[in-house]
Amino acid sequence: MQPPDLQQLNPILAVGFLAFILVRWRFHRSRLSLPPGPKPLPVIGNMHQLARTSYQWLQLQRWSAAYGPVMHLRVAGRPLVVLSTHAAAWDLLARRGARYSDRPRLVVAVELATRNLHGAMRPYDAAYRQTRKLQAPLLGPPAADRYRPVQELESRQLLVDLLGEYEREGETGQDFSPLVERTTGSIIYALLYGYRLKSGDDQALRDAHVVQDNFSRAAKTGAYLVDLFPVLNHLPRALAPWKAEADALFRIEADLHTANFQKGLASPGWNFTKQFSASCEASGVPTFQTAWSVGDTSLAGLDTSSIALEWFVVACVAHGKRFVAKAQQVLDEVVGRDRLPTFEDRPRLAYIDAVVQETLRWRLVSPGGIPHLTKQEDTYMGFRIPAGSVVLPNYWAITRDASVFGADPDSFVPERWLDADDSGSGGGITTPLKNLPQTGFGFGRRSCPGRHVALNGLFVVVAQLLWAFEIEAAPGKEVDDTDWVDGVLVKPKHFKAVFRPRGPWVRDVLSSQQRDGEDDLVALLDRVAVGSGGKS
Ligand code: HEM
(Lines give C-alpha, C1' and ligand atoms only; values in the text may rest on other atoms or scores of the structure.)
Protein backbone atom coordinates (compact mmCIF):
# COMPACT_ATOMS: atom_id res chain seq x y z
CA MET A 1 0.00 0.00 0.00
CA GLN A 2 1.35 3.44 -1.04
CA PRO A 3 1.27 6.01 1.82
CA PRO A 4 -0.97 8.99 0.99
CA ASP A 5 0.65 12.34 0.16
CA LEU A 6 0.24 14.21 3.46
CA GLN A 7 0.31 17.62 1.76
CA GLN A 8 -2.91 16.79 -0.05
CA LEU A 9 -4.79 15.81 3.14
CA ASN A 10 -6.40 18.35 5.39
CA PRO A 11 -4.54 18.83 8.72
CA ILE A 12 -7.08 16.90 10.85
CA LEU A 13 -6.91 13.88 8.59
CA ALA A 14 -3.11 14.09 8.53
CA VAL A 15 -2.90 14.13 12.36
CA GLY A 16 -5.36 11.24 12.52
CA PHE A 17 -3.32 9.24 10.04
CA LEU A 18 -0.08 9.84 11.96
CA ALA A 19 -1.78 8.84 15.21
CA PHE A 20 -3.00 5.63 13.55
CA ILE A 21 0.52 4.79 12.34
CA LEU A 22 1.93 5.48 15.82
CA VAL A 23 -0.64 3.33 17.60
CA ARG A 24 -0.14 0.49 15.10
CA TRP A 25 3.64 0.71 15.55
CA ARG A 26 3.39 0.69 19.37
CA PHE A 27 0.90 -2.15 19.27
CA HIS A 28 3.20 -4.15 17.03
CA ARG A 29 6.18 -3.49 19.32
CA SER A 30 4.36 -4.44 22.49
CA ARG A 31 3.28 -7.67 20.79
CA LEU A 32 6.89 -8.63 20.30
CA SER A 33 7.80 -11.27 22.82
CA LEU A 34 10.62 -11.17 25.33
CA PRO A 35 13.66 -13.28 24.50
CA PRO A 36 13.33 -16.90 25.65
CA GLY A 37 14.74 -18.07 28.96
CA PRO A 38 14.21 -20.37 31.92
CA LYS A 39 10.72 -20.07 33.37
CA PRO A 40 10.54 -17.53 36.20
CA LEU A 41 8.46 -18.02 39.37
CA PRO A 42 5.98 -15.34 40.43
CA VAL A 43 7.61 -12.56 42.51
CA ILE A 44 11.13 -14.03 42.80
CA GLY A 45 11.60 -14.60 39.07
CA ASN A 46 14.71 -16.69 38.34
CA MET A 47 16.51 -15.71 41.54
CA HIS A 48 16.18 -19.18 43.08
CA GLN A 49 17.85 -20.83 40.06
CA LEU A 50 20.76 -18.39 40.03
CA ALA A 51 21.25 -18.38 43.80
CA ARG A 52 21.73 -22.17 43.75
CA THR A 53 24.80 -22.02 41.55
CA SER A 54 28.29 -20.77 42.49
CA TYR A 55 29.67 -20.11 39.06
CA GLN A 56 26.75 -18.30 37.44
CA TRP A 57 28.45 -17.85 34.09
CA LEU A 58 28.59 -21.64 33.64
CA GLN A 59 24.88 -22.02 34.36
CA LEU A 60 24.08 -19.12 32.00
CA GLN A 61 26.20 -20.74 29.29
CA ARG A 62 24.29 -24.04 29.68
CA TRP A 63 20.97 -22.19 29.42
CA SER A 64 22.14 -20.31 26.34
CA ALA A 65 22.66 -23.67 24.60
CA ALA A 66 18.93 -24.27 25.09
CA TYR A 67 17.52 -20.74 24.70
CA GLY A 68 19.89 -19.05 22.25
CA PRO A 69 22.23 -16.05 22.18
CA VAL A 70 19.76 -13.59 23.73
CA MET A 71 18.01 -14.80 26.89
CA HIS A 72 15.58 -13.18 29.26
CA LEU A 73 15.42 -13.79 33.01
CA ARG A 74 13.87 -11.89 35.89
CA VAL A 75 16.01 -11.12 38.89
CA ALA A 76 14.97 -8.98 41.85
CA GLY A 77 11.96 -7.72 39.91
CA ARG A 78 14.09 -6.51 37.01
CA PRO A 79 14.52 -7.92 33.51
CA LEU A 80 17.96 -9.43 32.93
CA VAL A 81 18.99 -9.93 29.30
CA VAL A 82 21.98 -12.23 28.87
CA LEU A 83 24.04 -12.04 25.66
CA SER A 84 26.01 -15.18 24.83
CA THR A 85 27.62 -14.52 21.44
CA HIS A 86 30.11 -11.91 20.35
CA ALA A 87 27.75 -10.76 17.58
CA ALA A 88 24.89 -10.07 20.01
CA ALA A 89 27.15 -8.29 22.52
CA TRP A 90 28.73 -6.22 19.76
CA ASP A 91 25.40 -5.32 18.12
CA LEU A 92 23.85 -4.06 21.34
CA LEU A 93 26.68 -2.85 23.58
CA ALA A 94 28.97 -1.40 20.93
CA ARG A 95 26.82 -0.53 17.88
CA ARG A 96 23.93 0.76 20.01
CA GLY A 97 26.31 2.03 22.69
CA ALA A 98 24.43 5.30 23.19
CA ARG A 99 21.55 3.26 24.69
CA TYR A 100 23.45 0.46 26.45
CA SER A 101 26.25 2.17 28.35
CA ASP A 102 24.59 2.79 31.69
CA ARG A 103 25.09 0.59 34.73
CA PRO A 104 22.53 -0.98 37.07
CA ARG A 105 21.93 1.03 40.24
CA LEU A 106 23.93 0.03 43.30
CA VAL A 107 22.58 2.26 46.04
CA VAL A 108 25.03 1.41 48.82
CA ALA A 109 28.20 0.39 46.96
CA VAL A 110 28.13 3.13 44.30
CA GLU A 111 25.63 5.92 45.07
CA LEU A 112 26.40 6.25 48.78
CA ALA A 113 29.84 4.72 49.34
CA THR A 114 31.48 6.39 46.31
CA ARG A 115 29.01 9.27 45.74
CA ASN A 116 28.67 7.95 42.18
CA LEU A 117 32.38 8.28 41.51
CA HIS A 118 33.12 4.56 41.13
CA GLY A 119 34.94 4.35 37.76
CA ALA A 120 33.47 1.14 36.39
CA MET A 121 29.98 1.17 37.95
CA ARG A 122 29.09 4.87 37.97
CA PRO A 123 26.15 6.05 35.85
CA TYR A 124 26.71 6.98 32.23
CA ASP A 125 26.30 10.73 32.63
CA ALA A 126 28.07 13.90 31.56
CA ALA A 127 30.57 13.77 34.43
CA TYR A 128 31.47 10.17 33.53
CA ARG A 129 31.99 11.09 29.88
CA GLN A 130 34.21 14.01 30.82
CA THR A 131 36.40 11.73 32.96
CA ARG A 132 36.81 9.27 30.08
CA LYS A 133 37.73 12.15 27.78
CA LEU A 134 40.39 13.40 30.17
CA GLN A 135 41.73 9.86 30.72
CA ALA A 136 42.02 9.07 27.01
CA PRO A 137 45.35 10.80 26.31
CA LEU A 138 46.88 8.99 29.30
CA LEU A 139 45.62 5.48 28.55
CA GLY A 140 45.36 5.31 24.74
CA PRO A 141 47.85 3.39 22.58
CA PRO A 142 50.48 6.18 22.16
CA ALA A 143 50.60 6.80 25.94
CA ALA A 144 50.64 3.06 26.68
CA ASP A 145 53.67 2.67 24.43
CA ARG A 146 55.54 5.40 26.30
CA TYR A 147 55.10 3.43 29.55
CA ARG A 148 56.89 0.36 28.20
CA PRO A 149 60.31 1.05 29.81
CA VAL A 150 58.63 1.08 33.25
CA GLN A 151 56.98 -2.27 32.46
CA GLU A 152 60.36 -3.71 31.37
CA LEU A 153 61.91 -2.49 34.62
CA GLU A 154 59.25 -4.19 36.77
CA SER A 155 59.22 -7.36 34.69
CA ARG A 156 62.99 -7.72 35.11
CA GLN A 157 62.50 -7.23 38.86
CA LEU A 158 60.00 -10.11 38.84
CA LEU A 159 62.62 -12.39 37.28
CA VAL A 160 65.17 -11.34 39.92
CA ASP A 161 62.63 -12.04 42.69
CA LEU A 162 61.68 -15.45 41.27
CA LEU A 163 65.30 -16.43 40.77
CA GLY A 164 66.09 -15.43 44.37
CA GLU A 165 63.15 -17.54 45.61
CA TYR A 166 64.29 -20.51 43.52
CA GLU A 167 67.78 -20.25 44.95
CA ARG A 168 66.29 -20.28 48.47
CA GLU A 169 63.47 -22.78 48.01
CA GLY A 170 64.82 -24.99 45.23
CA GLU A 171 62.41 -27.52 43.77
CA THR A 172 59.84 -27.27 46.58
CA GLY A 173 57.97 -24.55 44.66
CA GLN A 174 57.66 -20.79 44.97
CA ASP A 175 54.76 -18.79 46.31
CA PHE A 176 54.70 -16.69 43.15
CA SER A 177 51.38 -14.78 43.56
CA PRO A 178 52.71 -12.03 45.87
CA LEU A 179 55.65 -11.50 43.50
CA VAL A 180 53.29 -11.16 40.54
CA GLU A 181 51.03 -8.82 42.53
CA ARG A 182 54.01 -6.65 43.39
CA THR A 183 54.98 -6.48 39.71
CA THR A 184 51.62 -5.42 38.30
CA GLY A 185 50.91 -3.18 41.32
CA SER A 186 54.27 -1.50 41.03
CA ILE A 187 53.74 -0.78 37.32
CA ILE A 188 50.46 0.98 38.23
CA TYR A 189 51.84 2.87 41.23
CA ALA A 190 55.03 3.91 39.39
CA LEU A 191 53.04 5.31 36.47
CA LEU A 192 50.15 6.82 38.40
CA TYR A 193 51.93 8.04 41.53
CA GLY A 194 55.67 7.91 40.76
CA TYR A 195 56.71 5.33 43.35
CA ARG A 196 57.48 1.62 43.28
CA LEU A 197 56.28 -1.19 45.53
CA LYS A 198 58.79 -3.28 47.43
CA SER A 199 56.75 -6.44 47.97
CA GLY A 200 53.36 -8.02 47.41
CA ASP A 201 52.68 -7.20 51.05
CA ASP A 202 53.35 -3.47 50.60
CA GLN A 203 51.06 -1.23 52.69
CA ALA A 204 49.86 0.52 49.51
CA LEU A 205 48.54 -2.78 48.15
CA ARG A 206 47.00 -3.76 51.47
CA ASP A 207 45.11 -0.45 51.67
CA ALA A 208 43.89 -0.86 48.09
CA HIS A 209 42.67 -4.38 48.84
CA VAL A 210 40.67 -3.14 51.83
CA VAL A 211 38.79 -0.75 49.52
CA GLN A 212 38.29 -3.43 46.85
CA ASP A 213 37.02 -5.95 49.39
CA ASN A 214 34.64 -3.38 50.89
CA PHE A 215 33.22 -2.70 47.44
CA SER A 216 32.80 -6.40 46.59
CA ARG A 217 30.97 -6.99 49.87
CA ALA A 218 28.69 -3.98 49.50
CA ALA A 219 27.91 -4.71 45.82
CA LYS A 220 27.00 -8.36 46.35
CA THR A 221 23.40 -9.14 45.29
CA GLY A 222 21.26 -9.31 48.40
CA ALA A 223 23.78 -7.59 50.69
CA TYR A 224 21.38 -4.66 51.21
CA LEU A 225 17.60 -4.65 50.92
CA VAL A 226 17.78 -1.06 49.66
CA ASP A 227 19.47 -2.29 46.46
CA LEU A 228 16.40 -4.42 45.74
CA PHE A 229 14.00 -1.65 46.80
CA PRO A 230 15.78 1.70 46.21
CA VAL A 231 12.72 3.57 47.49
CA LEU A 232 13.88 2.59 51.01
CA ASN A 233 16.72 5.06 50.65
CA HIS A 234 14.23 7.85 51.39
CA LEU A 235 14.00 6.61 54.98
CA PRO A 236 15.58 8.86 57.61
CA ARG A 237 19.10 7.90 58.72
CA ALA A 238 17.85 6.48 62.01
CA LEU A 239 15.90 3.84 60.07
CA ALA A 240 18.51 3.34 57.37
CA PRO A 241 21.65 1.88 59.01
CA TRP A 242 23.29 1.34 55.61
CA LYS A 243 23.77 5.11 55.26
CA ALA A 244 26.25 5.28 58.15
CA GLU A 245 28.01 2.14 56.89
CA ALA A 246 28.33 3.66 53.43
CA ASP A 247 29.70 6.91 54.89
CA ALA A 248 32.44 4.94 56.65
CA LEU A 249 33.34 3.18 53.39
CA PHE A 250 33.37 6.50 51.59
CA ARG A 251 35.82 7.99 54.13
CA ILE A 252 38.21 5.02 53.86
CA GLU A 253 38.30 5.23 50.08
CA ALA A 254 38.50 9.04 49.98
CA ASP A 255 41.44 8.99 52.43
CA LEU A 256 43.27 6.40 50.33
CA HIS A 257 42.87 8.32 47.07
CA THR A 258 43.68 11.68 48.62
CA ALA A 259 46.86 10.38 50.32
CA ASN A 260 48.07 8.75 47.09
CA PHE A 261 47.22 11.87 45.11
CA GLN A 262 49.35 14.01 47.45
CA LYS A 263 52.16 11.48 47.17
CA GLY A 264 51.90 11.59 43.39
CA LEU A 265 52.12 15.37 43.30
CA ALA A 266 55.15 15.29 45.62
CA SER A 267 57.04 12.47 43.80
CA PRO A 268 59.99 13.41 41.61
CA GLY A 269 59.62 13.03 37.85
CA TRP A 270 56.57 12.74 35.62
CA ASN A 271 53.53 10.76 36.68
CA PHE A 272 49.90 10.27 35.64
CA THR A 273 48.61 12.20 38.69
CA LYS A 274 50.53 15.34 37.72
CA GLN A 275 49.47 15.28 34.09
CA PHE A 276 45.86 14.30 34.78
CA SER A 277 45.41 16.91 37.49
CA ALA A 278 46.81 19.63 35.21
CA SER A 279 44.23 18.75 32.54
CA CYS A 280 41.42 18.46 35.14
CA GLU A 281 42.34 21.82 36.61
CA ALA A 282 42.13 23.32 33.14
CA SER A 283 38.66 21.78 32.74
CA GLY A 284 37.40 22.97 36.12
CA VAL A 285 37.11 19.51 37.75
CA PRO A 286 37.36 19.76 41.58
CA THR A 287 40.63 18.40 43.05
CA PHE A 288 38.80 15.85 45.17
CA GLN A 289 37.19 14.29 42.09
CA THR A 290 40.52 14.27 40.26
CA ALA A 291 42.12 12.38 43.17
CA TRP A 292 39.24 9.90 43.07
CA SER A 293 39.50 9.35 39.31
CA VAL A 294 43.21 8.59 39.49
CA GLY A 295 42.69 6.36 42.53
CA ASP A 296 39.88 4.50 40.86
CA THR A 297 41.97 3.93 37.74
CA SER A 298 44.67 2.44 39.95
CA LEU A 299 42.18 0.06 41.61
CA ALA A 300 40.85 -1.05 38.20
CA GLY A 301 44.38 -1.85 37.02
CA LEU A 302 45.73 -3.69 40.08
CA ASP A 303 44.26 -7.17 40.37
CA THR A 304 43.12 -7.56 36.77
CA SER A 305 46.63 -7.92 35.31
CA SER A 306 47.96 -10.04 38.19
CA ILE A 307 45.03 -12.46 37.87
CA ALA A 308 45.68 -12.78 34.12
CA LEU A 309 49.31 -13.65 34.90
CA GLU A 310 48.28 -16.21 37.50
CA TRP A 311 46.10 -17.90 34.87
CA PHE A 312 49.08 -17.84 32.50
CA VAL A 313 51.04 -19.79 35.15
CA VAL A 314 48.14 -22.27 35.40
CA ALA A 315 48.29 -22.70 31.61
CA CYS A 316 52.05 -23.39 31.79
CA VAL A 317 51.70 -25.88 34.63
CA ALA A 318 48.60 -27.69 33.36
CA HIS A 319 49.01 -27.42 29.57
CA GLY A 320 52.63 -26.35 29.07
CA LYS A 321 53.30 -29.24 26.67
CA ARG A 322 51.02 -27.55 24.14
CA PHE A 323 52.96 -24.30 23.83
CA VAL A 324 55.94 -23.70 26.13
CA ALA A 325 58.63 -25.49 24.06
CA LYS A 326 57.47 -23.69 20.94
CA ALA A 327 57.43 -20.29 22.65
CA GLN A 328 60.94 -20.90 23.99
CA GLN A 329 62.21 -21.97 20.58
CA VAL A 330 60.87 -18.72 19.11
CA LEU A 331 62.42 -16.70 21.94
CA ASP A 332 65.80 -18.41 21.52
CA GLU A 333 65.83 -17.68 17.79
CA VAL A 334 64.64 -14.09 18.01
CA VAL A 335 66.28 -12.97 21.26
CA GLY A 336 69.05 -15.46 21.99
CA ARG A 337 70.46 -16.01 25.45
CA ASP A 338 72.59 -12.89 25.93
CA ARG A 339 69.82 -10.48 26.79
CA LEU A 340 66.21 -10.29 27.92
CA PRO A 341 63.34 -10.01 25.44
CA THR A 342 62.11 -6.44 25.09
CA PHE A 343 59.35 -4.57 23.27
CA GLU A 344 61.78 -4.08 20.37
CA ASP A 345 61.40 -7.81 19.68
CA ARG A 346 57.62 -7.73 19.63
CA PRO A 347 57.15 -7.57 15.84
CA ARG A 348 58.93 -10.96 15.70
CA LEU A 349 57.23 -12.46 18.74
CA ALA A 350 53.67 -12.84 17.51
CA TYR A 351 53.58 -16.24 19.21
CA ILE A 352 53.98 -14.55 22.60
CA ASP A 353 51.12 -12.15 21.85
CA ALA A 354 49.07 -15.20 20.82
CA VAL A 355 49.83 -16.82 24.20
CA VAL A 356 48.67 -13.63 25.96
CA GLN A 357 45.44 -13.41 23.95
CA GLU A 358 44.75 -17.08 24.52
CA THR A 359 45.27 -16.68 28.27
CA LEU A 360 42.74 -13.83 28.35
CA ARG A 361 40.25 -15.89 26.32
CA TRP A 362 40.75 -19.27 27.98
CA ARG A 363 40.50 -18.05 31.56
CA LEU A 364 38.83 -14.68 31.73
CA VAL A 365 39.62 -12.35 34.58
CA SER A 366 35.91 -11.61 34.81
CA PRO A 367 34.17 -14.60 33.14
CA GLY A 368 30.65 -13.58 34.11
CA GLY A 369 30.97 -10.17 32.39
CA ILE A 370 30.17 -6.71 33.73
CA PRO A 371 26.48 -5.68 33.56
CA HIS A 372 25.23 -2.78 31.45
CA LEU A 373 21.79 -1.16 31.66
CA THR A 374 19.44 0.21 29.05
CA LYS A 375 16.88 2.81 30.06
CA GLN A 376 15.01 2.64 26.74
CA GLU A 377 12.94 -0.13 25.25
CA ASP A 378 14.54 -1.71 22.21
CA THR A 379 14.03 -4.58 19.78
CA TYR A 380 16.65 -7.08 18.71
CA MET A 381 16.43 -10.29 16.66
CA GLY A 382 12.65 -9.96 16.73
CA PHE A 383 12.51 -9.75 20.53
CA ARG A 384 11.58 -6.90 22.84
CA ILE A 385 14.21 -5.68 25.28
CA PRO A 386 12.27 -3.82 27.97
CA ALA A 387 13.36 -0.43 29.30
CA GLY A 388 15.31 -0.87 32.54
CA SER A 389 16.86 -4.20 31.50
CA VAL A 390 20.18 -5.16 32.97
CA VAL A 391 22.14 -6.42 29.96
CA LEU A 392 24.89 -8.90 30.77
CA PRO A 393 27.44 -10.07 28.19
CA ASN A 394 28.40 -13.55 29.42
CA TYR A 395 32.10 -13.41 28.51
CA TRP A 396 32.49 -17.10 29.27
CA ALA A 397 29.88 -18.19 26.71
CA ILE A 398 31.10 -15.58 24.20
CA THR A 399 34.66 -16.93 24.28
CA ARG A 400 33.52 -20.56 23.98
CA ASP A 401 31.89 -19.96 20.57
CA ALA A 402 33.63 -22.37 18.19
CA SER A 403 32.21 -20.57 15.15
CA VAL A 404 34.29 -17.52 16.11
CA PHE A 405 37.32 -18.92 17.95
CA GLY A 406 37.71 -22.24 16.17
CA ALA A 407 37.52 -25.83 17.30
CA ASP A 408 37.94 -26.99 20.87
CA PRO A 409 37.34 -23.62 22.56
CA ASP A 410 37.83 -25.12 26.05
CA SER A 411 41.48 -25.93 25.30
CA PHE A 412 44.48 -23.62 25.52
CA VAL A 413 45.60 -23.27 21.88
CA PRO A 414 47.61 -20.08 21.06
CA GLU A 415 47.72 -21.16 17.41
CA ARG A 416 44.05 -20.19 17.03
CA TRP A 417 45.27 -16.56 16.97
CA LEU A 418 47.77 -17.17 14.14
CA ASP A 419 47.35 -17.74 10.43
CA ALA A 420 47.66 -21.42 9.57
CA ASP A 421 50.73 -20.84 7.31
CA ASP A 422 52.68 -19.28 10.12
CA SER A 423 51.72 -21.38 13.12
CA GLY A 424 53.95 -24.30 12.10
CA SER A 425 57.11 -22.24 11.79
CA GLY A 426 59.75 -22.72 14.45
CA GLY A 427 61.37 -19.33 13.92
CA GLY A 428 60.39 -15.75 14.75
CA ILE A 429 56.72 -15.52 13.86
CA THR A 430 56.15 -12.17 12.26
CA THR A 431 52.60 -12.38 10.94
CA PRO A 432 50.18 -10.11 12.80
CA LEU A 433 47.56 -11.91 14.85
CA LYS A 434 44.33 -12.96 13.18
CA ASN A 435 41.52 -10.50 13.44
CA LEU A 436 39.63 -12.41 16.16
CA PRO A 437 37.61 -10.38 18.63
CA GLN A 438 39.68 -9.29 21.60
CA THR A 439 38.26 -10.89 24.72
CA GLY A 440 37.93 -9.96 28.35
CA PHE A 441 37.96 -6.16 28.10
CA GLY A 442 34.26 -5.54 27.54
CA PHE A 443 32.28 -3.85 24.79
CA GLY A 444 31.46 -0.38 23.52
CA ARG A 445 31.75 2.86 25.43
CA ARG A 446 32.29 1.15 28.80
CA SER A 447 35.07 -1.13 27.52
CA CYS A 448 38.30 -1.15 29.50
CA PRO A 449 40.32 2.03 28.82
CA GLY A 450 43.41 0.40 30.40
CA ARG A 451 43.60 -2.48 27.92
CA HIS A 452 46.54 -1.07 25.91
CA VAL A 453 48.61 -0.65 29.07
CA ALA A 454 47.52 -4.11 30.25
CA LEU A 455 48.33 -5.89 26.97
CA ASN A 456 51.79 -4.31 26.82
CA GLY A 457 52.52 -5.33 30.40
CA LEU A 458 51.30 -8.89 29.84
CA PHE A 459 53.39 -9.21 26.66
CA VAL A 460 56.68 -8.27 28.29
CA VAL A 461 56.16 -10.29 31.48
CA VAL A 462 55.05 -13.42 29.60
CA ALA A 463 57.95 -13.13 27.13
CA GLN A 464 60.52 -12.70 29.91
CA LEU A 465 59.08 -15.48 32.12
CA LEU A 466 59.14 -17.96 29.23
CA TRP A 467 62.63 -16.84 28.23
CA ALA A 468 63.97 -17.35 31.78
CA PHE A 469 62.15 -20.29 33.37
CA GLU A 470 60.73 -23.75 33.06
CA ILE A 471 57.47 -23.39 34.96
CA GLU A 472 56.13 -26.56 36.58
CA ALA A 473 53.81 -27.68 39.36
CA ALA A 474 55.39 -28.11 42.78
CA PRO A 475 56.29 -31.80 43.31
CA GLY A 476 53.29 -33.95 44.16
CA LYS A 477 50.84 -31.07 43.62
CA GLU A 478 48.47 -31.36 40.68
CA VAL A 479 47.00 -28.05 39.53
CA ASP A 480 43.34 -28.21 38.52
CA ASP A 481 42.66 -25.54 35.88
CA THR A 482 39.05 -25.16 37.07
CA ASP A 483 39.92 -24.52 40.70
CA TRP A 484 38.34 -21.07 40.78
CA VAL A 485 37.83 -18.59 43.58
CA ASP A 486 34.36 -17.21 42.85
CA GLY A 487 33.74 -13.45 42.66
CA VAL A 488 33.43 -10.65 40.11
CA LEU A 489 37.12 -11.17 39.38
CA VAL A 490 37.93 -14.86 39.29
CA LYS A 491 41.42 -16.02 40.18
CA PRO A 492 42.86 -19.51 40.50
CA LYS A 493 43.01 -21.04 43.97
CA HIS A 494 46.35 -20.43 45.61
CA PHE A 495 49.11 -22.82 44.53
CA LYS A 496 52.90 -22.96 44.40
CA ALA A 497 54.89 -23.51 41.20
CA VAL A 498 58.55 -24.20 40.46
CA PHE A 499 60.23 -21.48 38.40
CA ARG A 500 63.46 -23.27 37.42
CA PRO A 501 65.96 -21.12 35.47
CA ARG A 502 66.47 -22.53 31.98
CA GLY A 503 70.24 -22.24 32.30
CA PRO A 504 73.11 -20.33 33.89
CA TRP A 505 72.73 -17.55 31.35
CA VAL A 506 69.57 -16.38 33.11
CA ARG A 507 71.46 -15.32 36.24
CA ASP A 508 74.29 -13.84 34.13
CA VAL A 509 71.94 -11.69 32.08
CA LEU A 510 69.96 -10.52 35.10
CA SER A 511 73.15 -9.62 37.03
CA SER A 512 74.62 -7.72 34.12
CA GLN A 513 71.41 -5.72 33.64
CA GLN A 514 70.78 -4.98 37.33
CA ARG A 515 70.46 -1.26 37.98
CA ASP A 516 69.33 0.96 40.79
CA GLY A 517 65.55 0.90 40.42
CA GLU A 518 64.69 4.20 42.08
CA ASP A 519 67.09 6.29 39.99
CA ASP A 520 65.96 4.43 36.92
CA LEU A 521 62.33 5.14 37.63
CA VAL A 522 62.70 8.93 37.72
CA ALA A 523 64.77 8.88 34.53
CA LEU A 524 62.26 6.58 32.84
CA LEU A 525 59.29 8.68 33.94
CA ASP A 526 60.95 11.81 32.66
CA ARG A 527 61.24 10.15 29.28
CA VAL A 528 57.47 9.53 29.41
CA ALA A 529 57.04 13.26 30.12
CA VAL A 530 59.13 14.24 27.10
CA GLY A 531 57.04 11.96 24.85
CA SER A 532 53.74 13.24 26.20
CA GLY A 533 54.65 16.89 26.16
CA GLY A 534 53.77 16.92 29.89
CA LYS A 535 55.84 18.55 32.64
CA SER A 536 57.28 16.63 35.57
C1 HEM B 1 44.23 -7.90 32.06
C2 HEM B 1 43.90 -6.72 32.55
C3 HEM B 1 42.54 -6.12 32.52
C4 HEM B 1 41.31 -6.67 32.25
C5 HEM B 1 41.01 -8.11 31.88
C6 HEM B 1 40.32 -5.62 32.36
C7 HEM B 1 38.95 -5.81 32.14
C8 HEM B 1 38.01 -4.81 32.27
C9 HEM B 1 36.58 -4.99 32.04
C10 HEM B 1 35.93 -6.30 31.64
C11 HEM B 1 35.96 -3.81 32.24
C12 HEM B 1 34.45 -3.53 32.10
C13 HEM B 1 34.10 -3.38 30.64
C14 HEM B 1 32.62 -3.23 30.31
O15 HEM B 1 31.80 -3.02 31.17
O16 HEM B 1 32.24 -3.34 29.14
C17 HEM B 1 37.00 -2.86 32.62
C18 HEM B 1 36.76 -1.55 32.94
C19 HEM B 1 37.75 -0.66 33.33
N20 HEM B 1 39.10 -0.88 33.35
FE21 HEM B 1 40.04 -2.63 32.93
N22 HEM B 1 40.94 -4.45 32.69
C23 HEM B 1 42.30 -4.70 32.79
C24 HEM B 1 43.28 -3.79 33.10
C25 HEM B 1 43.08 -2.45 33.35
C26 HEM B 1 44.11 -1.48 33.60
C27 HEM B 1 45.62 -1.79 33.59
C28 HEM B 1 43.49 -0.28 33.85
C29 HEM B 1 44.09 1.07 34.15
C30 HEM B 1 45.34 1.41 34.04
C31 HEM B 1 42.06 -0.50 33.73
C32 HEM B 1 41.09 0.47 33.90
C33 HEM B 1 39.72 0.28 33.76
C34 HEM B 1 38.71 1.29 34.02
C35 HEM B 1 38.99 2.73 34.49
C36 HEM B 1 37.47 0.70 33.75
C37 HEM B 1 36.08 1.34 33.87
C38 HEM B 1 35.58 1.69 32.49
C39 HEM B 1 34.16 2.24 32.42
O40 HEM B 1 33.24 1.73 33.05
O41 HEM B 1 34.00 3.17 31.69
N42 HEM B 1 41.85 -1.82 33.43
N43 HEM B 1 38.22 -3.49 32.61
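Two strands count as paired if DSSP finds at least two bridges between them. Strands here are DSSP runs of E with at least two residues, helices are runs of H or I with at least four, and both are numbered from the N terminus. With that in hand, let's look at the model.

What you see is a predicted model, so local features need pLDDT of at least 70 and side-chain atom pairs count only at pLDDT 80 or more, while totals for chains, interfaces and linings use all residues. Residues are numbered from 1 along each chain as its sequence is written, and side-chain values use heavy atoms, with hydrogens and water left out.

**The sheet**

Follow the order β1-β2-β6-β3 and you have walked across an open sheet of four strands with mixed pairing. The edges belong to β1 (70–75) and β3 (372–374); each has a single partner strand, so one side of each lacks a neighbour in the sheet. On average, neighbouring strands are turned by 30° against each other, direction ignored.

Strands β2 (residues 78–83) and β6 (residues 389–393) run parallel and are joined by four bridges. Pick out Val-82 and you'll find its bridge partner in β6, Leu-392.

Helix α3 (residues 56–67) packs on this sheet, touching β1, β2 and β6, and its direction makes about 125° with that of β1. Contact here means heavy atoms within 4.5 Å. The angles run from 0 to 180 degrees between N-to-C directions, using lines fitted to C-alpha atoms, for helices over the stretch in contact. Helix α4 (residues 86–95) lies across β1, β2, β3 and β6, at about 125° to β2.

**The ligand**

Which protein atom is the donor of the ligand's iron atom? That's SG of Cys-448, the only protein donor, at 2.3 Å. Donors are N, O and S atoms within 2.8 Å of the metal (3.2 Å for Na, K and Ca); water is not among the atoms, so sites may look incomplete. Cys-448 sits in the loop between α19 (420–423) and α20 (451–468).

Helix α14 gives the most to the shell around the ligand, five residues.

| Side chain | Distance to a ligand oxygen atom |
|---|---|
| Arg-103 | 2.8 Å |
| Arg-132 | 2.5 Å |
| His-372 | 3.2 Å |

How values were computed:
A polar contact is a pair of N or O atoms within 3.5 Å; within protein, one must be able to donate a hydrogen and the other to accept it, and residues adjacent in sequence count only if both atoms are side-chain atoms.
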